Amino acid sequence: MSLEMIGIALGIAFTLPTILLFRRSDIENWAWPFFLGLLPVFYMLFGMLALDGRAILLEFLVGIPYFTLGLLLWKKVSRSAVAILGMAWLSHGFYDYFHDLLFINSGVFAWYPVFCAVVDIIVGLYLLNFAVTMDDVKATR
């Protein structure tokens, strides 16, 4: 099995139960923005594994919008806030997928960008769907 297939399988296996757990424990209002802001930290840690200060700096700079949106959208539940959050997760998924084309961070495991892209895209699509159906969800809870 290729490393990309392993990343895809792990991404799906991780994300679907996570969404169910977050929904059941009613932590979605803070968890999705928190983890959006945390996403760049993983790439920075990979840079630390490689002892590559340039990679750490670049990952930090690319991560600034995600840190910022994570803080700004903390516990926001309006339709527009959830939609922005979903688009931010999707954009990070595309960043993950094209990560090696942007710059090299030699500490990143070969399967990780695909894994993270799958997680981010599934979460982003979930949040966008949630934003579209929010009024219906609020009425049924």
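1. Leucine 101 is a residue of helix α5. Its relative accessible area is 72%, so leucine 101 is exposed. The model is a predicted one, and what follows concerns the computed geometry of that model.

2. Leucine 101 also belongs to a nonpolar patch on the surface, which it forms with Phe94, Tyr97, Phe98 and Leu102. Together these residues have about 580 Å² of accessible area. Two elements each give two or more residues to this nonpolar patch: α4, residues 79-97, and α5, residues 99-102. One member, phenylalanine 98, has a relative accessibility of 39% and therefore counts as partly exposed; the cut-off for exposed is over 50%.

3. The chain has seven helices and zero strands. Read from the N terminus, the order of elements is α-α-α-α-α-α-α.

4. On overall dimensions, the chain has 141 residues and a radius of gyration of 16 Å. A compact globule with that number of residues would have a value near 14 Å, and the two agree. Along the principal axes, the C-alpha atoms fill a box of roughly 50 × 35 × 25 Å.

5. Next come burial and surface. Of the 141 residues in the chain, 42% are buried. The chain exposes about 8000 Å², and 74% of this is supplied by carbon and sulfur atoms. Among contacts with a separation of 6 or more, 79% are between residues 24 or more positions apart.

6. Aromatic rings deserve a point of their own. How many aromatic pairs does a search of the whole structure find? The search finds 21. One of them joins tryptophan 30 and phenylalanine 34, with 6.1 Å from centre to centre and 65 degrees between the planes, an edge-to-face arrangement. Both residues lie in helix α2, residues 28-49, and because they are four residues apart there, about one helical turn separates them. Tryptophan 30 is partly exposed at 31% relative accessibility, and phenylalanine 34 is partly exposed at 36%.

7. Threonine 15 sits in helix α1, residues 3-25. Is threonine 15 buried or exposed? With a relative accessible area of 1%, threonine 15 is buried, the cut-off being under 20%. Apart from neighbours within four places in sequence, threonine 15 is in contact with Val119, Ile122 and Val123. Glutamate 28, in helix α2, is buried as well, because its relative accessibility is 11%. From glutamate 28 to leucine 127 there are 99 residues in sequence, yet their C-alpha atoms are 9.9 Å apart in space.

8. Two residues other than glycine have a positive phi. For leucine 51 the value is about 55 degrees. Leucine 51 lies in the loop between α2 and α3, the latter spanning residues 53-72, and is exposed, with a relative accessible area of 77%. For lysine 75, phi is near 60 degrees. Lysine 75 is in the loop between α3 and α4 and counts as exposed at 52% relative accessibility.

9. The loop between α3 and α4 also holds valine 77. Valine 77 counts as partly exposed, with 34% relative accessibility. Which residue lies 48 residues from valine 77 in sequence and 6.5 Å from it in space, C-alpha to C-alpha? That residue is asparagine 29.

Definitions and conventions
Residues are numbered from 1 along each chain as its sequence is written. This is a predicted model: local features need pLDDT of at least 70, side-chain atom pairs count only at pLDDT 80 or more; totals for chains, interfaces and linings use all residues. Side-chain values use heavy atoms; hydrogens and water are left out. Patches are made of residues with over 30% relative accessible area and no salt bridge: like charges are joined within 9 Å, nonpolar side chains (Val, Leu, Ile, Met, Phe, Trp, Tyr) within 5 Å. Accessible areas come from the Shrake-Rupley method with a 1.4 Å probe; for residues, only the protein chains shown count as cover. A salt bridge is a side-chain nitrogen of Lys or Arg within 4 Å of a carboxyl oxygen of Asp or Glu. Buried means under 20% relative accessible area, exposed over 50%, partly exposed in between (1.4 Å probe, protein chains only). Rings of Phe, Tyr and Trp (its six-membered ring) pair if their centres lie within 6.5 Å; planes under 30 degrees apart count as stacked, over 60 as edge-to-face and the rest as tilted. The radius of gyration is taken over C-alpha atoms; the globule rule is 2.2 Å times the number of residues to the power 0.38. Contact means heavy atoms within 4.5 Å.
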